[in-house]
Amino acid sequence: MSRQHIISLLLENEAGALSRVSGLFSARAYNIESLTVAATQDPTLSRLTLVTVGSDETIEQIKKQLNKLIDVVKLIDLSESFSLERELILLKVKKSDAMVQKIESLSVESSARITDDTDGYLIIELTGEKVWLDDFLSSLADEVLEVVRTGVVGLSRGERSLTV
Amino acid sequence: MELSGGEIVIQSLKDEGVEYVFGYPGGCVLHIYDAIFKQDDVKHVLVRHEQGATHAADGYARSSGKPGVVLVTSGPGATNAITGIATAYMDSIPMVVITGQVPRPVIGTDAFQEVDTVGITRPCVKHNFLVKDISDIAETMKKAFYLATTGRPGPVVVDIPKDITDPNIKVSYQYPEEVSMRSYHPTVSGNIGQTRKAIKLIKEAKRPVIYSGGGVVLGEASEELKQLGRTLGFPVTQTLMGLGAFPGTDPQFIGMLGMHGTYEANMAMHDSDLIIAIGARFDDRVTGKVADFCPHAKIIHIDVDPASISKTITVDVPIVGQVKPILLDMLAQLQSLGETFDRARIGAWWDQIDQWREADCLAYEKDTDTIKPQFVIEQLYNVTNGEAFVTSDVGQHQMFAAQYYPFDKPRRWINSGGLGTMGFGLPAAMGVKFAHPEADVACVTGEGSIQMCLQELSTMLQYDTPVKVINLNNGYLGMVRQWQEFTYKSRYSHSYLEALPDFKKLAEAYGHVGMQITKKEDVEPALREAFSMKDRTVFLDFLTDTKENVYPMIEAGKAHNDMVMAPSSKYKRILA
């Protein structure tokens, strides 16, 4: 059975390291739903978080192949532990009283807020779990003019962490 | 010691103990070539095409166990090397490939002979580096050799921009004694608990098979495999890459398995209740239809690469680590059991295997006027007393060599198993000759494959590396023809080679000895004559039966017990 996994890696912060990861996924025909990467507090390391979907066997193979890459220092499957996951979304809508009202009503349960109001257009910012964002997006349906998502990031809760 | 970047490259090779570099000069490696000119320790072999350089380095590595080293220029130099790099990658051959790159200031500007070498080679190397600073060259070289030769070996590319090899810029040089990388810790010894589980399965097995692969050769564990096989008395089958690790003439050896494996090996795999996979990776040519692979067997899998475990076939007892220490551990545990393992313990299983052997699956029609390719290989075996290093290209001749030349020692059988690279055999044979100047080296090839890297005949004359080329010339791309016969109702689409050259004259034009053999009775004398010419490369063009096929054959997508047998075998088609 296919399931979504959030895999987080510490990667050598070197040119080409990202393409080793993305190249692995395309070469072996694995799925990437989202991928996000940035340097960590240790400038020699990047942290990469990717969301992928596959059977248990495929996910196992993905993790082994990732670990095999020389630039991958450490890896954790956040879906296997008690973890916190978040994604940020920015979306643009045309301003109207109805829209402002709608967002205010949605924000009660979703933490969405209007971050920018320029020339009759609003940018709405929302952080949360991927499923909340999906729900929020579908509730605005056709009114969304433009949307950008960061992709999922996450940390395992409690003592367990991904460090060198 | 103050050295330029170009000198550092060569001094690193010297400090690494490299004897030979196979290469081809060009603009971006001129500084490095100038450094080669000024020393005598590292010898350079000038090939005629960069693909030849990689295959020669590969043959050197496979036959010696030492890493092969290649030096090529940027752009086309690097792209020509790709096929050889991918070949080494698929068979896990240790190799370090140094590629020139355009100077740093012009990288990314589509400069003359610029190509993104690191990008192009990324999917077919164990790792690669673009060196950006002269002070990083020595350490990067050390890392390259360390990565190439440890864990699961493989090719490593070091891409060096021309400007950091400038003879006018010198830095102090010290080659690192050792190197460690925080992200790379290959497993050495296996988990003892896992080995214990394996021993338990071995004790209970009624129909066991040892299935060993190229990892045993690469891991220098041939002696341990022999000991294990003999201690247990189990039948041993080997993959195309593993041949020679367990002696091919040993009565416990039941032949190669897989698509062109023996009837007894494939039937034994199918009926087995315990497979002990050692340094083998369940390649699709071995497993056939995955769903029907060894349906009754528990599987123990020993491999240095965790990613090989349960990749295509889910196994019961994985043991990750180097084959040699794991086998030694198993042998020690077996000894402490105080139980007797021998053929008699699994007598019924051996009776069954002996019955399968009676099919005589490698029988071929002997009573013909034409030269059968199998006959040539058998005569090659006789003439060389089974002691030659045999390289091959890819196709029917490769399978015939694997089937009819039993290897008793590892590193004697040199072929492109994973990538299946036509053109591999001749340059690889040259590489073997550099590693073993006194040994008999034969390149078994066909009229198709040989034309893919033929130009290296010129290199072989220059460096005096006498090889015997056994050209099984049937005028067809034989394996393609065979598949077309089986699955395309004999529509031989573009598998017939018209306008073949006169290979005898061609060999002579390159300064070698050429022979054409058209009669069966001339096969053995011609081989004897050729091998008596110790210091000459001899090209033997055997005009063989044009319609011969490789049997047995498991057609794509079929199971081990569903083989097409040779017409001359006692069994025709077997469907259990």
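In which loop of chain A is Ala141(A) found? The answer is the loop between helix H4 (130-140) and strand E8 (146-149). Keep in mind as you look around that this is a predicted model.

Ala141(A) is worth a look for its backbone: its phi is positive, about 45°, although the residue is not a glycine. Most residues other than glycine have a negative phi. Ala141(A) counts as partly exposed because its relative accessible area is 43%, which falls between the limits of 20% for buried and 50% for exposed.

## Backbone features in chain B

Lys489(B), which is not a glycine, has a positive phi near 50°. You will find Lys489(B) in the loop between helix H18 (478-487) and helix H19 (503-509) of chain B. With a relative accessible area of 71%, Lys489(B) is exposed.

Most peptide bonds, by contrast, are trans. Pro552(B) belongs to the loop that runs between strand E20 (538-543) and strand E21 (562-564) of chain B.

## Where the two chains meet

How many residues does each chain bring to the contact? Chain A and chain B each bring 18 residues. The size of an interface is often given as the accessible area lost when the parts come together. Here chain B and chain A bury about 1400 Å² between them, and 47% of that area is on carbon and sulfur atoms. On the chain B side, Arg122(B), Arg182(B) and Ser183(B) supply 43% of the area buried against chain A, more than any other three residues.

Two salt bridges are found across this interface. Arg182(B) also forms a salt bridge with Glu12(A), where the closest N and O atoms are 2.8 Å apart.

## The second largest pocket

Next comes a look at open space. The second largest pocket holds about 1100 Å³, and 40 residues line it. Those nearest its centre are Gln65(A), Lys68(A), Leu69(A), Tyr89(B) and Asp305(B). Helix H1 (17-27), helix H2 (56-68) and strand E4 (72-77) of chain A each give two or more residues to the lining, as does helix H4 (76-90) of chain B. H1(A) makes the largest share, with five residues. By type, the lining has 16 nonpolar, 12 polar and 12 charged residues.

Gln65(A), one of the residues nearest the centre, is found in helix H2 of chain A. Is Gln65(A) buried or exposed? Gln65(A) counts as buried, because its relative accessibility is 4%, and the limit for buried is under 20%. Leaving aside residues up to four places away in sequence, Gln65(A) touches Leu24(A), Arg28(A) and Tyr30(A), together with Ala307(B) and Lys311(B).

## A helix with buried residues

Our last stop is helix H9 (residues 222-232) of chain B. Its buried residues are Ser222(B), Glu224(B), Leu225(B), Lys226(B), Leu228(B), Gly229(B) and Leu232(B). In an α-helix there are 3.6 residues a turn, so residues three or four places apart point the same way.

What do the buried residues of H9(B) pack against? Their partners, which are in chain B, are helix H7 (192-204), helix H8 (214-218) and helix H12 (323-337), along with strand E9 (208-212), strand E10 (236-238) and strand E12 (274-278).

Key:
Residues are numbered from 1 along each chain as its sequence is written. Chains are lettered from A and ligands numbered from 1 in the order in which they are written. This is a predicted model: local features need pLDDT of at least 70, side-chain atom pairs count only at pLDDT 80 or more; totals for chains, interfaces and linings use all residues. Side-chain values use heavy atoms; hydrogens and water are left out. On a 1 Å grid over the protein atoms alone, a cavity is a set of points where a 1.4 Å probe fits but cannot get out, and a pocket is an open set with protein on both sides within 12 Å along at least five of seven lines; lining residues have an atom within 4 Å of a point. Grid points are joined across faces, edges and corners, and a volume is the space filled by probe spheres set on the points. Helices (H or I, at least four residues) and strands (E, at least two) are DSSP runs, numbered from the N terminus. Ala, Val, Leu, Ile, Met, Phe, Trp, Tyr, Cys and Pro count as nonpolar, Asp, Glu, Lys and Arg as charged, and the others, Gly among them, as polar. Buried means under 20% relative accessible area, exposed over 50%, partly exposed in between (1.4 Å probe, protein chains only). Contact means heavy atoms within 4.5 Å. Buried area is the accessible area (1.4 Å probe) that two parts lose on being put together, summed over both. A salt bridge is a side-chain nitrogen of Lys or Arg within 4 Å of a carboxyl oxygen of Asp or Glu.
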